[in-house]
Amino acid sequence: MKVSISLPDELVHYVDDRVENRSRLIEGLLQAWRKQQEKQAMVEACLLLDELSNDEEATWQQAAIIDWEVSG
């Protein structure tokens, strides 16, 4: 698929002086960005899951203490 973007001339000249294929450079940068975004989403999901697990464990522990206190 073709995509058109606008860039400052200075940046286009900089890229052209350093790479053979602009499209390949942009594709690689976008792939790396996507991977970083997916990794960040995974980290956030794991942190949320850990937080929920800790809340559930605390609730279970409190219920156990209350049951123990009630049973004498």
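Colleague: Which residues lie nearest the centre of the largest pocket?

Modeller: Val 3, Ile 5, Arg 22, Ser 23 and Ile 26 do, out of 15 residues in the lining. A pocket here is an open set of points on a 1 Å grid over the protein atoms alone, where a 1.4 Å probe fits, with protein on both sides within 12 Å along at least five of seven lines, and a lining residue has an atom within 4 Å of a point. This is a predicted model, where local features need pLDDT of at least 70 and side-chain atom pairs count only at pLDDT 80 or more, while totals for chains, interfaces and linings use all residues. Residues are numbered from 1 along each chain as its sequence is written, and side-chain values use heavy atoms, with hydrogens and water left out.

Colleague: Which elements give two or more residues to that lining?

Modeller: Helix H1 (9-18) and helix H2 (22-71). H2 gives the most, with seven residues. Helices are DSSP runs of H or I with at least four residues, numbered from the N terminus.

Colleague: How much space lies in the largest pocket?

Modeller: About 490 Å³. That volume is the space filled by probe spheres set on the grid points, which are joined across faces, edges and corners.

Colleague: And what is the lining of the largest pocket by class?

Modeller: Eleven residues are nonpolar, one is polar and three are charged. Ala, Val, Leu, Ile, Met, Phe, Trp, Tyr, Cys and Pro count as nonpolar, Asp, Glu, Lys and Arg as charged, and the others, Gly among them, as polar.

Colleague: Changing topic. How many salt bridges are there?

Modeller: The count is two, a salt bridge being a side-chain nitrogen of Lys or Arg within 4 Å of a carboxyl oxygen of Asp or Glu.

Colleague: What does Arg 22 meet in a salt bridge?

Modeller: The side chain of Asp 16, at 2.7 Å, N to O. Arg 22 is also one of the residues nearest the centre of the largest pocket.

Colleague: Which residue forms a salt bridge with Arg 34?

Modeller: Glu 38, with the closest N and O atoms 4.0 Å apart. Both are in helix H2, and because they are four residues apart, about one helical turn separates them. Arg 34 is partly exposed at 44%, and Glu 38 is partly exposed at 47%.

Colleague: Which residues make the nonpolar surface patch?

Modeller: Met 1, Val 3, Ile 5, Leu 7, Leu 11, Tyr 14, Leu 25, Ile 26, Leu 29, Leu 30 and Trp 33, covering about 1200 Å². H1 and H2 are the elements that give two or more residues to the patch, and H2 gives the most, with five. Such a patch takes residues with over 30% relative accessible area and no salt bridge, with nonpolar side chains (Val, Leu, Ile, Met, Phe, Trp, Tyr) joined within 5 Å. Accessible areas come from the Shrake-Rupley method with a 1.4 Å probe, and for residues only the protein chains shown count as cover.

Colleague: Where does Leu 11 lie?

Modeller: In helix H1. Leu 11 is partly exposed, at 38%.

Conventions: Buried means under 20% relative accessible area, exposed over 50%, partly exposed in between (1.4 Å probe, protein chains only). Patches are made of residues with over 30% relative accessible area and no salt bridge: like charges are joined within 9 Å, nonpolar side chains (Val, Leu, Ile, Met, Phe, Trp, Tyr) within 5 Å.
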